[in-house]
Amino acid sequence: MSAQGRRILAGWLAVLTLGVGAAQGRTLNPESAPRPLRLESPTAKPWLAPVQEVDGVSVFPLRPGLEYLGGTMRWNQTLRKVVLVGPQGRTAEVVVGFPKALIDGKRWMRLPHLLLWRQGQVYISPEAFARLWREISDPTFQYNALTRTLACRLGAAASAAAPSAAAVPTTAAAVPPAAKNQSAGIKCVVVDAGHGGKDPGAIGPTQLREKVVTLEMAQQLALILEHDLGCKVILTRSDDTFIPLHERPEIANRVSADLFVSIHANASPDRKATGSQVFVYNREASSRKAEEVARFENKDVNVLEIIKDDLRQSVHEVDSITVAGLIGQEFDKGLSETRRIERAPFYVLAKSHMPSVLVETAFISNAEEERKLRQKEFCLKMARAIGSGLQEYAREKNQQQSRDGRPGAPRMARVP
Ligand SMILES: [Zn+2]
């Protein structure tokens, strides 16, 4: 047996000795009737899954959920092990009560919640389900906790596509006609909630973590854009998952997004620093401070890696600056004192092949701004401001298109 095989066997032995009984003490409470969960598939009517609360976590029956999406499930009663099988045969094995899944028999992945066995069925939380389905079938599959919806964000074409560049559908094929106010120029926006999982981002004086506020604002922004702009919105993460930097622009490129917006909260050794900043990509930082921000957000990526292959972002520079200017104008409307729009070599912007901006919404390192960032209301205001800036950009883009009868760049906004 290979070393890896031994590790996996050891993992399962640990599961069998320690994990099996873990869920025994839990009870499903049929008295409480939480809102049902909505599953969406590109090929069928939405399915409303019955939800039960267990120890404060919502769970729903796994088997009908999987089958609704075109997957199957094998159940081993003796081992209390579930094998989830995706439409292309990829597998995730999970033992009830054990917090890890074995993907394709090769690598372990941690789950946000345990699977439960009750009343002759396996139950799973929507967060755990989304994570497993992303692994075995569709990398764009997400759980939106605000709308309690589990869905692939790209429609039928994408759910059939493998996550390789070659199999990526075009935006036109991937994005079905959207609802009201649809913007012809902006069909799909990727919203990137900075950091996540093991990467907390910057940490405030009273321990507020950047990853928490970026997720809050990104989720709010997604709802606003879907509602007001009628476009598709894809979140690079919809829960507290660690997503490596390189995957974030890759997601946007894969779906040929029209815009990429990365959301962060700023930090500075100067505890008095306050205000919002909107960044666009440039090899050369526009100030020493801008360079420091980029260095923090880039983590361990070295500059040569960033500037290599940055030309496909550079051709969108004018549009990126326009978007940044329009967001900055919204911030200026009494919400936040905007510092000037800056340029810096951010990895996630360099690798995006569409107009892209990175928004540092407020300084989490400043006690007063950290206090604001804790408030959902403030996060919603920031999201609204970013949404309004993007809407204005979409409006200009549409005007331009109807004038020219073809896609084109809108006028330049204020350039720093
Ligand atoms: Zn950040």
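Biologist: How many bridges join strand β17 to β19, and do these two strands run parallel or antiparallel?

Modeller: Before the case itself, keep in mind that this is a predicted model. As a general idea, strands of a sheet pair through backbone hydrogen bonds, and the pairing may be either parallel or antiparallel. In this structure, strand β17, residues 277–281, is joined to β19 by three bridges, and the two strands run antiparallel. To find the place by eye, look for phenylalanine 279, which stands opposite leucine 358 in β19.

Biologist: In which sense do strand β16 and β19 pair?

Modeller: Here the pairing is parallel, with six bridges between β19 and strand β16, which covers residues 259–266.

Biologist: How many residues of strand β19 are buried?

Modeller: The general idea to bring along is that in a regular strand the side chains alternate between the two faces of the sheet. For strand β19, residues 356–363, eight of its eight residues are buried, and the strand is mostly covered.

Biologist: Turning to another sheet, what is the order of the strands in the open sheet of four strands?

Modeller: Reading across that open sheet, the order is β3-β4-β11-β10, and the pairing is antiparallel. Its edge strands are β3, at 52–54, and β10, at 116–118, each of which pairs on one side only. From one strand to the next, the twist averages 45°.

Biologist: Which phi does aspartate 104 have, positive or negative?

Modeller: In general, most residues other than glycine have a negative phi. Aspartate 104 is not a glycine, and yet its phi is positive, at about 50°. You will find aspartate 104 in the loop between β8 (100–103) and β9 (107–110). Aspartate 104 counts as partly exposed because 13 other C-beta atoms lie within 10 Å, while a residue would be exposed with 12 or fewer.

Biologist: Where does serine 256 lie?

Modeller: Serine 256 is placed in the loop between α7 (247–254) and β16. Serine 256, which is not a glycine, has a positive phi of about 50°. With 18 other C-beta atoms within 10 Å, serine 256 is partly exposed, since a buried residue would need 20 or more.

Notes: Residues are numbered from 1 along each chain as its sequence is written. This is a predicted model: local features need pLDDT of at least 70, side-chain atom pairs count only at pLDDT 80 or more; totals for chains, interfaces and linings use all residues. Two strands pair if DSSP finds at least two bridges between them. Axes are lines fitted to C-alpha atoms, for helices over the stretch in contact, and angles run from 0 to 180 degrees between N-to-C directions.
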